[in-house]
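Hi everyone, thanks for making time today.

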Amino acid sequence: MRALVLTRYGGPEATTLRDDVPEPTAGAGDVLVEVRASGLNPVDFKTRDGKLKIIRRYPLPAVMGNEIAGVVKAVGTGVTRFAPGDHVYARLDKDYMGGLAELAVANERLVAKMPATLSFEAAAAVPLAALTALQALRDELRLQRGQRLLVTGGAGGVGIFAIQIAKHLGATVATTASPRGEALVRRLGADIVVDYTRERFEDVLRDYDAVLDLTGGSDLARSFS
């Protein structure tokens, strides 16, 4: 099987595209997917560079890639929600990765059927960013209907999901964006858009219940006010 393999921690030279990687198999509760598209995220280069070793140290060599879209090839014993031929997408297990390959395996609980309106390429870009936004807003901030939320960097990968999820949860949403990104974030449902090239959000907004900071740096420190 062809796959992108991390052989050591470092720069781009630390990965190699190999044709001799053993194919994964579907164990009990697993879904084996023929990968049609894979997503790439900051976590991928940070993993490659070794910046996340303090959190998760992978036994090397390891197949890289954290999110996929594709077609179910086989299912393990006990799988009831999927069958061969289903179009699915998944955020793969953090302990194993394996998405930048021709075949990938994931536990059934990590897999979902693709919306019929999405291409494989679009679907593969959804799981990691969307789950980041969902877990932050629903599980960590416990965002409630009627609350007011600021999302910094709303036109970014996580931000575009955060705006929509927050609106679905019933919040009023402000976000920072450049003039180039304003039309996008308004189309996604943002109630207030702060042009960060001209204004500081703390000079415009007052009495917000929560901030989902997606830009870092000074924006994080300024969010507490």
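Predicted model: local features only at pLDDT ≥ 70, side-chain atom pairs only at ≥ 80, totals over all residues.

Let's begin at Ala69, whose bridge partner in E6 is Tyr89.

On to another partner of E5. Strand E3, residues 30-38, is joined to strand E5, residues 67-75, by seven bridges, and the two run antiparallel.

In what order do its five strands come? The order is E7-E3-E5-E6-E8, the sheet is open, and the pairing is antiparallel. E7 and strand E8, residues 111-113, are the edges; each has a single partner strand, so one side of each is left without a neighbour in the sheet. On average, and ignoring direction, neighbouring strands of this sheet are turned by 45° against each other. As a reminder, strands of a sheet pair through backbone hydrogen bonds, either parallel or antiparallel.

H3 packs on it and touches E5 and E6, and the direction of H3 makes about 55° with that of E6.

Let's stay with H3 for a bit. H3 has 14 residues and reaches 18 Å from its first C-alpha to its last, close to the 20 Å expected at 1.5 Å a residue. Which residues of H3 are buried? They are Pro127, Leu128, Ala129, Ala130, Ala133, Ala136 and Leu137.

Leu134 is found in the H3 helix as well, which spans residues 127-140. Leu134 is partly exposed, with a relative accessible area of 24%; the cut-off for buried is under 20%, so Leu134 does not count as buried. Leaving aside its neighbours within four places in sequence, Leu134 is in contact with Asp139 and Ile165. Leu134 and Ala162 are 28 residues apart in sequence, yet 7.0 Å apart in space, C-alpha to C-alpha. And just after H3, Arg142 takes a positive phi of about 50°.

Next, a pair of helices. Two packed helices are described by the angle between their axes and the distance between the axes. Helix H4, residues 159-168, and helix H5, residues 179-188, pack at an angle of about 30°, with their axes 9 Å apart. That makes H4 roughly parallel to H5. On the H4 side the contact is made by Ile160, Ile163 and Gln164, and on the H5 side by Leu184, Val185 and Leu188. Sorted by class, that contact of H4 with H5 has five nonpolar residues, one polar and no charged ones.

There is another sheet to show you. Three strands form an open sheet in the order E2-E1-E4, and the pairing is antiparallel. Its edge strands are E2, residues 15-18, and E4, residues 62-63, each pairing on one side only. Strand E1, residues 3-6, is joined to E4 by two bridges, and Val5 stands opposite Val63 in E4.

Now for the backbone details. Most residues other than glycine have a negative phi, and most peptide bonds are trans. Where is there a cis peptide bond? The bond from Leu60 to Pro61 is cis, with omega near 5°. Pro61 is found in the loop between helix H1, residues 42-49, and E4.

Then there are two loop residues with a positive phi. Met97 has a phi near 55° and sits in the loop between E6 and strand E7, residues 103-107. Asp207 has a phi near 60° and lies in the loop between helix H6, residues 201-204, and strand E12, residues 210-213. Buried or exposed, how do they come out? Met97 counts as buried, at 3% relative accessibility, whereas Asp207 is exposed, with a relative accessible area of 68%.

Let me finish with the whole protein. Its secondary structure comes to seven helices and twelve strands. The C-alpha atoms fill a box of roughly 55 × 40 × 30 Å, taken along the principal axes. Of the 225 residues, 44% count as buried. And of the contacts with a separation of 6 or more, 66% are accounted for by residues 24 or more positions apart.

Conventions:
Residues numbered from 1 in each chain as written. Heavy atoms only, no water. Helix = DSSP H or I, 4+ residues; strand = E, 2+ residues; numbered from the N terminus. Buried < 20%, exposed > 50% of the residue type's maximum accessible area, 1.4 Å probe, protein only. Contact = heavy atoms within 4.5 Å. Pairing = 2+ DSSP bridges. Expected span 1.5 Å × (residues − 1). Axes fitted to C-alpha atoms, helices over the stretch in contact; angles between N-to-C directions. Parallel < 35°, antiparallel > 145°, perpendicular 65-115°, else oblique. Nonpolar A, V, L, I, M, F, W, Y, C, P; charged D, E, K, R; others polar.
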